[in-house]
Amino acid sequence: MDLLERLVTIFAENGYIAVFLALLLCGAGIPIPEDITLVAGGIIAGLGYANAHVMAAVTMAGVLIGDAGMFLLGHHFGEHLLQWRPIALLMPPRRYAKMQDKFERYGNRLMFFARFLPGMRTAVYITAGATHRVTFVRFLLLDGLAALISVPFWVYLGYFGANRREWLGMWLRRGQSSLWVLSGLVVLAILVLWWRHRKRKLQARQ
């Protein structure tokens, strides 16, 4: 929890802009856990230093802009990006090759679920851009849908646990598995809605 406490102190002193910039760094692959950053943003809202709903909007913007930046870097520079030292350290050629293979096998599903796989997000987003098989709009839709699940979850977890640190610590440990369950329920709900819509269209044609 030491990192969390340090982030809470920094965010409380500097407000929304500090949270936003920290999330841009997370998106760029800097080793700051995104979930801890989001929780810290929620905590300062819970302590009265920020508005929880504004914080959710700011963090959503920071997450999406950071992710979009990595996608666009991959899209414009492709494999040449691997020659940049910061990117080469983050994603050596062997890892890039593995990511390409996973992307070919799983495609859109990988872009969606990468948000719930710490340590893989930046590599997946760069690869998605570099392949030129995914439009920027599709990337934003898939990433945005995943972010709509994960970002509010972490921010409001921090908000409600701001003054209950033991409870918060427990849910931080459970958080990733809870997110998987939540994302599965969302996907299931979307499939059910799609199936009902398709069924109505078929009935209307008969």
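Q: Before we start, what does buried mean here?
A: Buried means under 20% relative accessible area, exposed means over 50%, and partly exposed is in between, with a 1.4 Å probe and protein chains only.

Q: And what kind of model is this?
A: This is a predicted model, in which local features need pLDDT of at least 70 and side-chain atom pairs count only at pLDDT 80 or more, while totals for chains, interfaces and linings use all residues. Residues are numbered from 1 along each chain as its sequence is written, and side-chain values use heavy atoms, with hydrogens and water left out.

Q: How much of the chain is buried?
A: Of the 206 residues in the protein chain, 43% are buried.

Q: How many helices and strands?
A: The protein chain has 10 helices and zero strands. Both are DSSP runs numbered from the N terminus: helices are H or I with at least four residues, strands are E with at least two.

Q: What about phenylalanine 71 and phenylalanine 136?
A: Their ring centres are 5.8 Å apart and their planes are at 40°, so the pair is tilted. Phenylalanine 71 is in helix H4 (residues 52–77) and phenylalanine 136 in helix H9 (residues 136–160), 65 residues apart.

Q: Is phenylalanine 71 buried or exposed?
A: Its relative accessibility is 1%, so phenylalanine 71 counts as buried. Phenylalanine 136, at 32%, counts as partly exposed.

Q: And tyrosine 125 with phenylalanine 139, how are those rings placed?
A: The centres are 5.3 Å apart and the planes at 75°, so this pair is edge-to-face. Tyrosine 125 lies in helix H8 (residues 121–131) and phenylalanine 139 in helix H9, so the pair ties together parts 14 residues apart in sequence. Both tyrosine 125 and phenylalanine 139 are buried.

Q: Which residues do the ring pairs link into a cluster?
A: Phe71, Tyr125, Phe136 and Phe139.

Q: Different topic. How do H2 and H3 pack?
A: Helix H2 (residues 16–27) and helix H3 (residues 34–46) pack at about 170°, with axes 10 Å apart. They are therefore roughly antiparallel; angles under 35 degrees count as roughly parallel, over 145 as roughly antiparallel, 65 to 115 as roughly perpendicular and the rest as oblique.

Q: Which residues make that contact?
A: Val19, Ala22, Leu23 and Cys26 of H2, with Glu34, Thr37, Leu38, Gly41 and Ile44 of H3. Contact means heavy atoms within 4.5 Å.

Methods. Axes fitted to C-alpha atoms, helices over the stretch in contact; angles between N-to-C directions. Phe/Tyr/Trp six-rings, centres within 6.5 Å; stacked < 30°, edge-to-face > 60°.
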